[in-house]
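Please open the model in your viewer and keep the selection tool at hand.

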Protein chains: 2
Amino acid sequence: MKLTILGCYAATPRTFSNPTSQVLEMQNQLFLIDCAEGTQVELRRNKIKFSRIKHIFISHLHGDHFYGLIGLISSFRLLNRTQELHIYGPKGLEEIIKIQFKHSDSWVNFPLIFHELTSKEPELIYEDEKLTVSTIPLKHRVYTNGFFFSEKPHERKLNPVACRQHGVEICDYQNLKNGKDYTKEDGERVANSLLTFDPAPPKSYAYCSDTVFDTSLPEKIKGATVLYHEATFLEQHAHLGQPTKHSTAAQAAQVAKSAGVGTLILGHFSTRYDSITRFKQEAEVIFPAVELADDGKVFVFD
Amino acid sequence: MKLTILGCYAATPRTFSNPTSQVLEMQNQLFLIDCAEGTQVELRRNKIKFSRIKHIFISHLHGDHFYGLIGLISSFRLLNRTQELHIYGPKGLEEIIKIQFKHSDSWVNFPLIFHELTSKEPELIYEDEKLTVSTIPLKHRVYTNGFFFSEKPHERKLNPVACRQHGVEICDYQNLKNGKDYTKEDGERVANSLLTFDPAPPKSYAYCSDTVFDTSLPEKIKGATVLYHEATFLEQHAHLGQPTKHSTAAQAAQVAKSAGVGTLILGHFSTRYDSITRFKQEAEVIFPAVELADDGKVFVFD
């Protein structure tokens with residue numbers, strides 16, 4: 001599982017800081033999460049191939065999370081994309097994109113499939129053989145979802161030495177990987193645990209931006225391997241959290257602690273601060289495993 | 001008159017090249033012409049104060065000329081702008097901007113005034129004491145205008161020595177600047193030309209992008225001090241001009257020559273070429289005073 005931060009600052013794009021966009025690689029698939037102005041250039045800068053992006057998730061319709069989407073779709077069109085593109089985001093997004101194509105007297109030459117979200121309860125929005133994606137309803141000034149990416153339990157790993165000793169044939173391998181015991185020709189039963197190793201536990205990634213401090217959130221992201229939680233403010237501006245519906249670093253850490261996640265990544269920093277190191281300091285008091293997002297930073301979780 | 005190129009490449013934004021946007025300074029006013037994705041960051045990079053931009057001109061509704069507008073307006077809002085912003089562009093632009101604000105449940109806190117254009121004839125769209133701006137209808141795949149920025153004739157400059165010799169009083173200065181002759185108390189008439197110097201000739205700037213090669217264009221921009229004309233292609237791709245409604249460097253030079261402009265600036269280069277120097281070479285065969293636009297380049301015409 002690999003996370004590339006294309007942008008992690010709040011509000012307006014600046015010369016040396018980008019608003020929100022990131023790419024999650026999970027089970028060899030790429031998922032683009034939010035798409036602020038300039039995202040397509042950041043994708044190029046980080047050498048992420050456009051053709052590998054098949055699913056884009058938009059948390060909410062504030063500009064610093066989606067103004068780059070129309071440009072990215074247009075570039076896909078100009079580059080003669082043919083494969084499907086799926087976009088998951090709040091109702092209204094399709095209208096915004098289509099009206100711009102209408103006025104430019106053009107349309108895309110590939111299947112562009114919108115999955116508009118309206119539910120206020122978590123819902124499964126993507127599933128394949130290896131993973132699922134569900135929404136995490138968040139509390140912000142407009143309708144907002146986080147996204148929970150979750151690997152399905154992995155297959156058990158064969159123990160080749162033990163398999164040989166017990167005379168397991170190739171045609172039985174998949175049953176073993178699926179956790180079944182093995183029955184020999186003479187009827188003797190061999191426990192699966194003697195023939196296989198435990199697989200790596202499935203990993204999960206919870207993206208939560210933007211949101212006010214929400215005590216109901218930990219329940220929805222319990223035990224996530226990694227939580228990306230917005231931390232717009234430091235403690236000195238905690239009073240701005242409620243009116244703007246944003247969180248502090250300490251509040252993000254409180255969510256991480258209550259949810260029992262593995263690692264907390266902080267992002268969506270207000271550009272009012274000269275340095276982001278204090279975000280880590282304020283969060284670490286509450287939760288120890290804190291990382292700071294930054295534009296161009298890559299996190300690998302093995 | 002000063003022109004700052006923020007971006008001058010065709011189609012998609014890339015790591016080291018921006019689509020179209022530029023800032024014209026004329027008579028101490030700034031005019032933003034086109035506003036591709038990333039324009040607000042380029043404005044910052046070129047240290048152009050957001051507060052000095054009061055008029056934005058959008059040539060047409062292809063993304064590489066306006067996708068940065070919504071973000072720029074949003075940033076003006078976040079930075080608590082209070083002064084008016086005038087936007088001149090094709091019909092449809094207001095709908096595109098407003099629908100995005102509607103879905104973000106917000107609106108600007110300053111007067112945002114759209115001047116939507118539909119005429120296929122040149123029309124005066126802005127005028128103040130010192131200059132005018134008119135449209136230049138262009139021939140492209142969608143409704144497109146160039147813009148003709150034209151200084152009004154300057155006041156004549158007083159000849160202080162001659163004024164003293166003829167006993168001209170201060171209250172008569174403005175009449176002299178306006179070109180009137182001077183009549184002494186004894187009735188003697190002194191020709192204006194004896195008391196004033198010729199002013200600098202008024203300057204003008206014709207922005208023509210995007211357009212196919214158009215033989216009716218020179219008539220509309222006759223004698224412009226500076227012409228910015230698109231040159232998407234080199235001669236080797238001249239056959240793409242008609243189907244895409246773009247021009248070659250040589251065609252731009254032909255327009256400059258027929259119009260008798262002072263200087264031709266080429267821009268809107270296709271990113272298929274490794275170097276832009278050949279655009280200059282191909283244009284100079286036809287018209288000698290050729291400059292190449294480039295991102296971040298500043299032209300001063302005194």
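Which domains does the domain assignment of chain A give? There are two entries: domain 1 covers 2-154 + 200-293, and domain 2 covers 157-197; the bounds come from an automatic or database domain assignment. The model is predicted, so local features need pLDDT of at least 70 and side-chain atom pairs count only at pLDDT 80 or more, while totals for chains, interfaces and linings use all residues. Residues are numbered from 1 along each chain as its sequence is written, and chains are lettered from A and ligands numbered from 1 in the order in which they are written.

**Select chain A.** Taken over C-alpha atoms, the centres of domain 1 and domain 2 of chain A are 42 Å apart. The C-alpha trace of the chain spans about 70 × 55 × 35 Å along its principal axes. Colour by secondary structure to see 11 helices and 18 strands; these are DSSP runs, numbered from the N terminus, with helices being H or I of at least four residues and strands E of at least two. Of the 302 residues in chain A, 44% count as buried, that is, 20 or more other C-beta atoms lie within 10 Å of the residue's own, with C-beta atoms placed from the backbone.

**Select helix α4 of chain A, residues 93-103.** Its buried residues are A:L93, A:I96, A:I97, A:Q100 and A:H103. They lie on the same side of α4(A), because they cover an arc of only 135° around the axis; the arc is that of the directions from the helix axis to the C-beta atoms. An α-helix has 3.6 residues a turn, so residues three or four places apart point the same way. Within chain A, the buried residues of α4(A) pack against α3 (69-78), β5 (85-90) and β6 (112-117), and they also pack against α4 of chain B. Just after the helix, A:D105 takes a positive phi of about 60°.

Chain B superposes on chain A by a rotation of 180° with 0.1 Å of shift along its axis (RMSD 0.1 Å), using least squares on the C-alpha atoms of residues with pLDDT of at least 70 in both. The two copies are therefore related as by a two-fold rotation axis. In chain B, the C-alpha of B:G38 is the nearest to this axis, at 3.0 Å.

Key
A residue is buried if 20 or more other C-beta atoms lie within 10 Å of its own, exposed if 12 or fewer, and partly exposed in between; C-beta atoms are placed from the backbone. Two residues are in contact if their C-beta atoms, placed from the backbone, lie within 7 Å.
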